[in-house]
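The sequence and structure come first.

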Amino acid sequence: MIYAFDMEKVLADLEKDPAGAIAGWEAGYRDQIQKVADFIDKNRHKSPIVLLSGPSGSSKTSTATRIQKRLVEMGITAHLLSMDNYFIGLDDENYPRLDNGRPNLESPDCLDMALLDDHFSKLEAGQDIYVPEYDFHNQRRVEGAGTFMDIEPGDVFIFEGIHALNRRFTDRHPDACRIYVSPEAVYQRDGNVICTTVQLRLIRRLVRDYLFRGAEAAYTLGLWDNVLVGEDQNIAPFQTTAHCQVVTAMPYELGVLKKFVLPLIRDLGPDVPRADQVEAIRVMMGEIPMLSAALVPDDSIVREFIGPRPDNKEQ
């Protein structure tokens, strides 16, 4: 499922009624969340497990949080668990490496696959689990720390992570609900594609990494090729196995992201990693009018990338 946004129509709708247009697009996203929640509700008698995956920059965490919230509103006890807590320590002799010896952060073998499989089996059997806690600063599991998860009949456990749909999980737990999240959309103008799904995800990640992870654009760009290779090998092949897909792209978000991304790439030279994508983003943003971030609703997934609205200030 790939959406196609006609930027001429998008801009016309924004000019006519910006708040109304944005509210309508956001309502479309909420409708997707409701459909997923309904499917999970119907499936939970088969399995309490929900596996939610998607590539980088897809708004997986925000989408998982909204699904959890909707389930709770429906009277269903739903727990949200990040599969990042199941990482093995960087000093583990089995940690996957690239040919140059650097850690392969995109490999599913970064995860404690055996422990995850054991926890899935216990939950399916109605048994409690103890979720580990991972220290990302020291890149190892915190000894003696974690979260006890007490399962009751009808409970749902949402496991969110880029490798959640890997067949090493789904083949052994076929009744688990499978969800794929991605901004599957292209932006068109005059019949030509000006922004692809991959470019949108890169723009989102450039902005998010800078605002919330202190990473300069050159650093994020340096990781991007390996991110894409990892996605092609370990994420995209399982997209078609999902029971539900959530498209997280918003027709108006390019105009909002423009203010944030252009300063990050303005002074980058031709020797920067993925200089071709940098130039493509510069050209594309030249065709998109800037849109005030003040129009972005507080509960929009776009806020995951630009941050909350400052009090009494326009972004």
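## Sheet

In what order do the 5 strands of the open sheet stand? The order is 3-6-2-7-10, with parallel pairing; strands are DSSP runs of E of at least two residues, helices are runs of H or I of at least four, and both are numbered from the N terminus. Two strands pair if DSSP finds at least two bridges between them. Strand 3 (78-82) and strand 10 (244-247) are at the edges, each with a single partner strand, so one side of each has no neighbour in the sheet. From one strand to the next the twist averages 20 degrees.

Strand 2 (residues 49-53) and strand 7 (residues 177-182) run parallel and are joined by 4 bridges. Leu52 has Ile179 of strand 7 as its bridge partner.

## Basis of the values

The model is predicted: local features need pLDDT of at least 70, side-chain atom pairs count only at pLDDT 80 or more, and totals for chains, interfaces and linings use all residues. Residues are numbered from 1 along each chain as its sequence is written, and side-chain values use heavy atoms, leaving out hydrogens and water.

## Helices

Helix 2 packs on the sheet and touches strand 2, strand 6, strand 7 and strand 10 (contact: heavy atoms within 4.5 Å). Its direction makes about 160 degrees with that of strand 10; axes are lines fitted to C-alpha atoms, for helices over the stretch in contact, and angles run from 0 to 180 degrees between N-to-C directions. The buried residues of helix 2 include Trp25, Glu26, Val36 and Ile40, where buried means under 20% relative accessible area with a 1.4 Å probe, protein chains only.

Helix 3 lies across strand 2, strand 3, strand 6, strand 7 and strand 10, at about 175 degrees to strand 6. Among its buried residues are Lys60, Ile67 and Leu71. Gly75, with a positive phi near 85 degrees, follows helix 3.

## Core

Ile179 and Tyr252 touch the most other members of the largest nonpolar core, which has 65 residues. Such a core is a set of buried Ala, Val, Leu, Ile, Met, Phe, Trp, Tyr and Cys residues joined through side-chain atoms within 4.5 Å. The contacts of Ile179, not counting residues up to four places away in sequence, include Val36, Ile40, Leu52 and Ile67.

## His163

His163 sits in the loop between strand 6 (156-160) and helix 5 (167-170), and is buried, with a relative accessible area of 4%. A polar atom of its side chain lies 3.5 Å from the backbone oxygen of Ser107.

Conventions:
Buried < 20%, exposed > 50% of the residue type's maximum accessible area, 1.4 Å probe, protein only. Polar contact = N/O pair within 3.5 Å; in protein donor to acceptor, adjacent residues only side chain to side chain.
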